Amino acid sequence: MLEDLTTAASAASWPAAYPQGYAVVDVETTGLARDDRIVSAAVYRLDAHGEVEDHWYTTVNPERDPGPVWIHGLTSEALEGAPLFPDIAEEFASRLDGRVLVAHNAVFDWSMIAREYARAEREAPVRQRLCTIALSKELGLPLANHKLESLAAHFGVVQRRAHHALDDARVLAEAFRPSLHAAARDGVRLPLLECRPLTEWTDRSAPGIGRQAGGGGYGGYRPGSWRPSRKRPACPYPNPGRYEPGRPLKQGMRVAFSGDTSVERDLLEDRAVEAGLHVATSLSRLTSLLVTNDPDSGTSKAVKARQFGTPVVDEAAFGQLLQDVEPASEA
């Protein structure tokens with residue numbers, strides 16, 4: 001199967017709009033919350049056609065309890081002599097620079113990486129990401145579920161050490177290449193999403209989170225302190241009415257959000273405001289569009305959207321719409 005896909009894609013013209021390089025990434029962490037830390041990271045650099053150029057791996061001292069050791073296998077003792085994230089930030093950045101970040105559930109890996117760079121008072125040089133779960137959906141792959149092992153099995157890739165960052169990144173790189181070639185062969189638009197660096201606003205009076213034994217502490221890191229890097233002004237444009245499926249958004253449209261989003265809500269709302277949209281905190285008959293990844297949920301906004309007939313799109317579709325927002329009509 002791999003040879004067939006590769007041959008078919010190579011024989012056809014490669015889509016000119018496809019990226020010129022990829023960084024397939026996996027990070028293992030102390031947990032899933034926004035104040036959790038990276039304990040190991042791996043990057044496989046791929047060229048424009050998905051061929052492996054090189055790979056890199058490191059453990060990272062998280063300066064706290066390593067969390068689910070039974071998953072990633074990295075104990076406090078194993079991480080005691082590992083470098084701190086600021087010590088590997090430059091090398092990590094060199095592996096990401098100028099490439100699309102590829103990961104399985106990419107929003108998680110990107111969020112953890114972005115937060116680590118914010119703590120180090122730096123920015124990760126990543127501007128776009130590609131989630132292999134989203135790509136497998138675009139390709140209509142017949143998977144029982146969207147776990148990495150299912151994607152690997154579909155392409156005949158053998159996992160050796162599940163939840164080890166280097167092996168997970170290798171497995172994903174090997175599964176991504178035939179996925180990329182299948183997309184190129186069929187002219188599938190890659191589900192690329194924007195990555196925006198995070199800014200950590202700190203309260204120096206807040207208690208810090210301590211390092212592991214023998215280390216110092218953070219002067220101002222406070223869980224939950226993540227905010228966008230710019231304040232959102234009021235929308236200067238009148239509401240042009242409801243969004244019409246198949247047509248672009250227009251400046252001034254009132255957009256509401258409901259439920260969990262892969263991009264942090266503050267950043268997603270900030271993007272909408274930058275595009276000239278009005279971010280509404282509630283849903284009414286004047287709302288132009290509801291953005292939700294779970295339209296059948298029982299949230300008040302989703303219920304009202306069904307009652308009012310408000311158009312609904314998911315986050316990925318909204319991200320695409322944001323790329324081409326019509327200017328407001330002249331008065």
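**View 1. Who Gln159 meets.** Leaving aside neighbours within four places in sequence, Gln159 makes contact with Leu148, Glu149, Ala152, Asp167, Asp168, Arg170 and Val171; contact here means heavy atoms within 4.5 Å. All of this comes from a predicted model, where local features need pLDDT of at least 70, side-chain atom pairs count only at pLDDT 80 or more, and totals for chains, interfaces and linings use all residues. Residues are numbered from 1 along each chain as its sequence is written, and side-chain values use heavy atoms, with hydrogens and water left out. Gln159 sits in the loop between helix H7 (148–154) and helix H8 (165–186). Helices (H or I, at least four residues) and strands (E, at least two) are DSSP runs, numbered from the N terminus. Gln159 counts as partly exposed because its relative accessibility is 26%; buried means under 20% relative accessible area, exposed over 50%, and partly exposed in between (1.4 Å probe, protein chains only).

**View 2. The whole chain, for orientation.** The protein chain has 11 helices and 12 strands. Of its 331 residues, 50% are buried. Take the contacts between residues at least 6 apart in sequence: 66% of them join residues at least 24 apart. The chain exposes about 15,800 Å², with carbon and sulfur atoms supplying 49% of that; the areas come from the Shrake-Rupley method with a 1.4 Å probe, and for residues only the protein chains shown count as cover.

**View 3. The largest nonpolar core.** A nonpolar core is a set of buried Ala, Val, Leu, Ile, Met, Phe, Trp, Tyr and Cys residues joined through side-chain atoms within 4.5 Å. The largest one has 33 residues, and Tyr18, Tyr22, Leu130, Phe176 and Leu190 touch the most other members. At least two residues each come from strand S1 (21–29), strand S2 (38–47), strand S4 (100–103), helix H6 (132–139), H7 and H8. H8 gives the largest share, 11 residues. There's also a second, separate core of 29 residues, which includes Val25, Ile88, Trp110 and Ala124.

View 4. The whole structure holds 7 aromatic pairs. Rings of Phe, Tyr and Trp (its six-membered ring) pair if their centres lie within 6.5 Å; planes under 30 degrees apart count as stacked, over 60 as edge-to-face and the rest as tilted. Trp14 and Tyr18 make an edge-to-face pair, 5.9 Å centre to centre with 90° between the planes. Trp14 is buried at a relative accessible area of 19%, and Tyr18 is buried too, at 7%. Tyr22 and Phe176 also count as edge-to-face, because their ring centres are 5.1 Å apart and their planes are at 65°. Tyr22 lies in strand S1 and Phe176 in helix H8, so this pair ties together parts 154 residues apart in sequence. Both Tyr22 and Phe176 are buried. Elsewhere, Trp56, Phe85, Phe92 and Tyr117 form one aromatic cluster.

**View 5. Two loop residues with positive phi.** Most residues other than glycine have a negative phi. Asn105 isn't a glycine, yet its phi is positive, about 65°. Asn105 is in the loop between S4 and helix H5 (106–119), and is partly exposed at 36% relative accessible area. Glu121, also not a glycine, has a positive phi of about 60°. Glu121 is in the loop between H5 and strand S5 (128–131), and counts as exposed at 69% relative accessibility.

**View 6. Thr281 out in the open.** Thr281 is exposed, with a relative accessible area of 73%. This residue belongs to the loop between strand S10 (278–280) and strand S11 (289–292). Thr281 and Phe257 are 24 residues apart in sequence but 7.8 Å apart in space, C-alpha to C-alpha.

**View 7. Cysteines and disulfides.** The structure holds 0 disulfides, counting a disulfide as a pair of cysteine sulfur atoms within 2.5 Å. Cys131 is buried, at 18% relative accessible area, and Cys235 is partly exposed, at 24%.

View 8. The mean pLDDT of the chain is 84, and 84% of residues reach 70 or more; pLDDT is the predictor's confidence in each residue, from 0 to 100. Residues 201–230 have pLDDT below 50, and beyond near neighbours in sequence this stretch has 57 contacts in the model. Where pLDDT is low, the predicted coordinates should not be read in detail.
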